[in-house]
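Q: Hi! I'm new to this one, could you walk me through it?

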Amino acid sequence: MTPLDGLDDLRRSLAGAVVTPADAAYDAARRCFNALVDRRPAVIVRCAGPGDVAVAFEYARAHGLEVAVRGGGHNPAGHCVGDGVLVIDLTRLREVEVDEEARVARAGGGSTWLDFDPATQAFGLVTPGGVVGSTGVCGLALGGGIGHLTAQYGLTCDNLVGAELVMPDGEVVHASEEENEELLWGLRGAGGNFGVATRLEFRLYPLERVVGGALAYAGPGVRDALRRFRDVAAGSPPGLSLQASLSTDESAAPTLVVLPCFTGSGSDSEELRTLRSAPGLVEDGVGAHTFLEQQRVVDSAYGENRHYWKGHFVRELPDELIDELVGRMAALGRPPGGILIESLHGAPKDADPSTGAVGFRHAAFNVSAQAVWLDPALDEEYIEWARETAAVLEPWSLGGGYVNYMQADEPIERVRAAFGAEAFDRLQALKRRYDPENVLRRNQNIPPE
Ligand SMILES: Cc1cc2nc3c(=O)[nH]c(=O)nc-3n(C[C@H](O)[C@H](O)[C@H](O)COP(=O)(O)OP(=O)(O)OC[C@H]3O[C@@H](n4cnc5c(N)ncnc54)[C@H](O)[C@@H]3O)c2cc1C
């Protein structure tokens, strides 16, 4: 790669820093969550504020470089990095400011849940976020946001109340319910298609303790335990968020982990008792603990494993589909990897759907095949397993997948279906207004035309 010209001028124009292939920090700076993605950007601009983002856009334009945007680096498609691109790296913008009285948090464009949750919990407040701490707050929120408090408080994007963005032409634009309302609508689900968010603002709720953790099931009871999970979710308990994950043990036998998060009164509920009494329970790790402890129940190594995820929003989870999914785990035959099932009952359905572009709130579950492996020689085998597992879901699918979990090879029809044709047209109009040249195209893209 030939060095770019004007790098010294670029450095001088920034409050932040520049990382190039010549720098010792380069390899760490280009690494992302998914080890399947190994790309070499031309230049990484570590922005210290909106002014730096505008400078980075200008430099990319002047040098004919494609742009990638990096928040927490978690997107499984690896959109945060590309060969020969300029990366607008937001990892220095991690400040989270809490307005206790207004119950609003202002999160920097590169903040993660490891920054956000402790900052808001210092005031006994929360917003519904992701389940793995190192995931980017903005990346997750801009694509929807499903987690341990979804049933109680809705999708993360339902709680997005304001934004500061730098558009590809360098203009700083604010969006809120009072200003650029249409843009706020688009930001609630349509990703980073319009500008780079240097700050997002979220509504907060008082909450410090939950009843949560993990229930593990094994043996022939797994099927019935998953049915029990589905039936409990179908009762739409508003104070109980639910996720489940199918995987296998070393002997290729399917296993199930259910992750409840209960915020109702007392330390127990009928639904928790129902889950606990399901057949095959081998470990009961559910109890009362702090919200910060709940946010540590799930973790995932960064940049070590290769990942390929593919899934569907489904309208129901009938016995027939449960049998198929358990069968797919037997086909995988070894850990790690599995099938994640996130329930969308409760608050996402109560929210006014016209307030955001996100198009999946009417689904019953988000079901995602998550292939995870280490050996590059097994790429094809694992990718095929994820694709075949997603194909099993198709008869029950609402059409679109979850933009936050999609790989880069998804066709535009799947992105369109994720929003629905009408919302997609509206998003394209927004794209024409704010990014007519599709500078921000390394994402689940809304093309201007
Ligand atoms: C281990 C793991 C756990 C996850 N858990 C959850 C979960 O619990 N719930 C859930 O809903 N999703 C979850 N996700 C998916 C996650 O929300 C998406 O992959 C999201 O895109 C990650 O955002 P990021 O900033 O970390 O990623 P990045 O790869 O840095 O960014 C992804 C894309 O988001 C956009 N983007 C990020 N920040 C900005 C910004 N400030 N301004 C404009 N655009 C921006 C850009 O297009 C960028 O390319 C998880 C992913 C992983 C790998």
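A: Happy to! One term to start with: helices (H or I, at least four residues) and strands (E, at least two) are DSSP runs, numbered from the N terminus. Also, this is a predicted model.

Q: Good to know. So where is Pro 336 found?
A: Pro 336 is found in the loop between helix 11 and strand 17, which covers 338-343.

Q: And what kind of peptide bond joins Pro 335 and Pro 336?
A: A cis one, with omega at about -5 degrees. In general, most peptide bonds are trans.

Q: Which loop holds Arg 103?
A: The loop between strand 5 (96-99) and strand 6 (104-108).

Q: Let's go back to helix 11. At what angle do helix 11 and helix 13 cross?
A: Roughly 170 degrees, and their axes come within 10 Å. Angles over 145 count as roughly antiparallel, so helix 11 and helix 13 are roughly antiparallel to each other.

Q: Which residues make that contact?
A: Helix 11 brings Leu 321, Glu 324, Leu 325, Arg 328, Met 329, Ala 331 and Leu 332. From helix 13 come Tyr 382, Trp 385, Glu 388, Thr 389, Val 392 and Leu 393. Sorted by class, the contact of helix 11 with helix 13 has 9 nonpolar, 1 polar and 3 charged residues.

Q: How do the axes of helix 8 and helix 11 cross?
A: Helix 8 (residues 222-234) and helix 11 (residues 319-332) have axes that come within 10 Å and cross at roughly 135 degrees. That makes helix 8 oblique to helix 11. The crossing of helix 8 past helix 11 is right-handed.

Q: And which residues meet there?
A: Val 222, Arg 223, Leu 226, Arg 227 and Arg 230 in helix 8 meet Asp 319, Ile 322, Asp 323 and Val 326 in helix 11. By class, this contact of helix 8 with helix 11 has 4 nonpolar, no polar and 5 charged residues.

Q: What about helix 14 and helix 15, at what angle do they cross?
A: Helix 14 (residues 412-419) and helix 15 (residues 421-434) cross at roughly 105 degrees, with axes that come within 6 Å. Helix 14 and helix 15 are therefore roughly perpendicular to each other. Among the residues in contact are Phe 419 of helix 14 and Phe 424 of helix 15. The residues of this contact divide into 7 nonpolar, no polar and 2 charged.

Q: Switching topic: which residues come nearest to the ligand?
A: Of the 35 residues around the ligand, Gly 71, Gly 72, Gly 73, Ile 146 and Tyr 402 come nearest.

Q: How far is the side chain of Tyr 402 from an oxygen atom of the ligand?
A: An N or O atom in the Tyr 402 side chain is 2.5 Å from a ligand oxygen atom.

Q: And what do the backbones of Val 69 and His 74 do there?
A: A polar backbone atom of Val 69 is 3.1 Å from an oxygen atom of the ligand. For His 74, a backbone N or O atom lies 3.1 Å from an oxygen atom of the ligand.

Technical notes:
Residues numbered from 1 in each chain as written. Predicted model: local features only at pLDDT ≥ 70, side-chain atom pairs only at ≥ 80, totals over all residues. Heavy atoms only, no water. Axes fitted to C-alpha atoms, helices over the stretch in contact; angles between N-to-C directions. Parallel < 35°, antiparallel > 145°, perpendicular 65-115°, else oblique. Left-handed = near helix turned anticlockwise from the far one by under 90°. Contact = heavy atoms within 4.5 Å. Nonpolar A, V, L, I, M, F, W, Y, C, P; charged D, E, K, R; others polar. Near = heavy atom within 4 Å. Polar contact = N/O pair within 3.5 Å; in protein donor to acceptor, adjacent residues only side chain to side chain.
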